Structures are given as C-alpha cells and as structure tokens.
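User: I have a chain open and would like to go through it with you. Could we start with one of the annotated spans?

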Amino acid sequence: FGFLVGSGWAFYLMVAVQGAINVGVTIGSILLAGNSLQIMYTTLVPYGPLKLYHFIVAVASVLALLSQMPSFHSLRYINLGSLVLSVGYTILVSAACIRAGLSSNAPAKDYSLSTSKSEKTFDAFLSVSILAAAFGNGILPEIQATLVPPAAGKMVKALVINYSVAFFTFYPLAITGYWAFGKTVQSNAIQSLMPATGPSLAPRWLLCLTVVLVLFQLLAIALLYAQVVYEVMEKRVADATRGRFSWRNLLPRVAMRTLYVALCAFVAAALPFFGEIVGVIGAVGYIPLDFILPVVMYNMVVSPPRRSVVYVTNVAIMVLFTGLGVIGAVASVRKLALNAGRFTLFNDHVVK
C-alpha cells in the first residue's frame, strides 16, 4: 500500500487503522482473559474479595513477561497451540450450552427482538461490525510480503484455512449459546453457564478446563497482535548495528513493551466493554482494511476501464462498506454510551 500511495496522508491513515486494530485486540484479549480468570475464581471461591481488575493485572503481568519474545518467528509454536486451544474451547463450550439448554434448570429462552426500530437497526449494524472483526483478521495485506512467489495461490489457500477455522470456532458457539439462553446470552458464553442465582449449568471441571483453554488462547492472540506494535515502536529506538540482546536494544525493548501492556491493561480494567470494543474494532479497523482497501488497491494496480463492470463493482463495494463502517462505528459508540450508566470505572463485571 505504501508503494502505491507513497508516504502521504493515505499511508498514515492505513497505519492508524492497523494500529487501532492491534491495540483494540490487545485490550479486548486482556479484558476477556481477566474475566476468564475471574470466572474460575468465583467458581472455586464464590465470595472471594478479588475483583476483575486484580485478574487483569495478573494477566497483564504474564503478558508483559511473554512479550519479551523478540519476533514473530518466536511465536510460531504459540500460534499453533492457540489453534488447538480454540478448537478444544469451541467443542467444550458448545457441548456445555447444549447440555444447559436441555437441562431442567435451563433459564427461560427469549428470542424476541427490541420493539424499537431504531434499536434493531443499530444492533444490526453493530453485529455487522462484530462479524467483520471475527472474520476480518484473515486478510492482512502485509502477510503477502512474507510469502515466496507466487503469493496469490498461497494466500487463497491460507484464507480458505483461516475462514474454515473461524467458521468452526465462532458459529457453533453463537448458535448453541443463543439457542440455550436466547437474547440474554453473555458476550462470554461461560458466564451464561454460571447464573447469578441457582446451580451452575455445567460441571465445575468443564468450566475450569474451558477457562484454562481460553486463557492461554487469549494470551497467544494478544502476543500476536501486540508484536506488530512492538515492531513499529522498536524500529525508531533500536540500533541495528548492535545485537538483539545487547543492553542497548534489550533495555528499551523491555521498557516499551512493558509500558504498552500496562496501558492496554489500564484501559481494559477501566472500561470493561467487551462486545462494544469488538464492534468498534470491526467498524473502524477491519471493514476498511478488508473490504475497502483491497478494491481500492485493485483499481489502482490493474487500472480497469472506468466504465467496466469490475471497476464499477469495486467502487460500489467501497461505497457500501464505507457506509457500513461509519454506521457500525456510530452503533458501537452509541451502545457504549447507553451502557455507560450501568457501571463505574474499574467495574467488577464485564458489561455485556
């Protein structure tokens, strides 16, 4: 993209969009990981004194330590483990939701939508933004630069695998969770399996095992997305003539990475909005990156005739998804504003 548009405002706009994605995913991962630890804690110690922000601090401490791994290449085995954990988590929680839905203690299911047309419209656009965040992380244009030519065939295979895994890990949870609990299902389905009143709707061992799986998975996700930010920051402060583990490069790396994780953890603890964070990331990050940027680049590189079907279709896609992104961002911010009255800073629960 930088080769096509140069180093002007368009280049920095895309850098800002990708930066927002990386920061947002890191914040959301820390928040959900802390929430998962809290779930395990409340299962074992129902009236314990620890709050959500305590667990966020614990997660951030581990993440800051793991963040000292120097490069993307260092994370290859962690990423493979994350895939295995995702599949295991999906199977366990989906099975637990089915069991809960069939249980005699199952809550009343309410599948009704809001009676307000504006509420339904905003929720629909928020859902589009969340779907963009869920499926959009497979299209990262900078990955092509790391592939041996020809890149096109390899990218198609990679995206097919990516979307297959994403479909399997997202849709079974969404379908079984909504079927079991209706519109009251929580952003973290494990919380719905542990109602505030009444018995747990899943065995304790299963809840603890799924929490462990999702915790490790979220640490891997946070590491992957944070690594991009680390690379950008360290290009400006590192000395390429010195070794990677020399004091000249080691001390700034430790300090900057630790500070970055601390800032993300602070935001996660202060503003625990998981669903809305995902919506904002999808609206302002993945929709431009995945649906607007590729068609713009295609028209710039291939230069089809302006009256051709391909050119007109690409422009229509760009206009459509620009509108979806703007409305999705508004819907996400609106949801944040509506939920703002339901919590205080450093709230002890993730706001649905």
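User: How much of residues 201-226 is helix, and how far apart are the end C-alpha atoms?
Analyst: In this predicted model, residues 201-226 are 88% helix and 0% strand.

User: Which residues does the "transmembrane region" annotation cover?
Analyst: The unreviewed UniProt entry places it on residues 9-32, 52-68, 80-102, 160-181, 201-226, 258-289 and 309-333. According to the record's annotation note, such assignments may be inferred rather than shown by experiment.

User: Going back to helix 8, where does Q217 sit, and is it buried or exposed?
Analyst: Q217 belongs to helix 8, which runs over residues 204-237. Q217 counts as buried because its relative accessible area is 13%, and the cut-off for buried is under 20%.

User: Which residues is Q217 in contact with, beyond its sequence neighbours?
Analyst: Setting aside residues within four places in sequence, Q217 is in contact with S82, L85 and S86. The C-alpha atom of L83 is 7.9 Å from that of Q217, although the two residues are 134 apart along the chain.

User: New topic: how many residues are in the largest nonpolar core, and which have the most contacts inside it?
Analyst: The largest nonpolar core has 49 residues, and I30, I56, F181 and L193 have the most contacts inside it. At least two residues of this core come from each of helix 2 (9-44), helix 3 (52-66), helix 4 (76-102), helix 6 (151-181), helix 7 (189-192), helix 8 and helix 9 (247-270). Helix 8 supplies the largest share, 14 residues.

User: What does I56 touch?
Analyst: Not counting residues up to four places away in sequence, I56 touches I30, L31, G34, A265, A268 and A269. Another core, of 14 residues, lies apart from the largest one and includes V17, A132, Y225 and Y286.

User: Finally, the whole chain: how many helices and strands, and what percentage of residues is buried?
Analyst: The protein has 11 helices and zero strands. Of its 352 residues, 41% count as buried. The protein exposes about 18700 Å², of which carbon and sulfur atoms supply 73%.

User: What share of the contacts joins residues 24 or more positions apart?
Analyst: Among contacts with a separation of 6 or more, 78% are between residues 24 or more positions apart.

Definitions and conventions: Residues are numbered from 1 along each chain as its sequence is written. This is a predicted model: local features need pLDDT of at least 70, side-chain atom pairs count only at pLDDT 80 or more; totals for chains, interfaces and linings use all residues. Side-chain values use heavy atoms; hydrogens and water are left out. Helices (H or I, at least four residues) and strands (E, at least two) are DSSP runs, numbered from the N terminus. Buried means under 20% relative accessible area, exposed over 50%, partly exposed in between (1.4 Å probe, protein chains only). Contact means heavy atoms within 4.5 Å. Accessible areas come from the Shrake-Rupley method with a 1.4 Å probe; for residues, only the protein chains shown count as cover. A nonpolar core is a set of buried Ala, Val, Leu, Ile, Met, Phe, Trp, Tyr and Cys residues joined through side-chain atoms within 4.5 Å.
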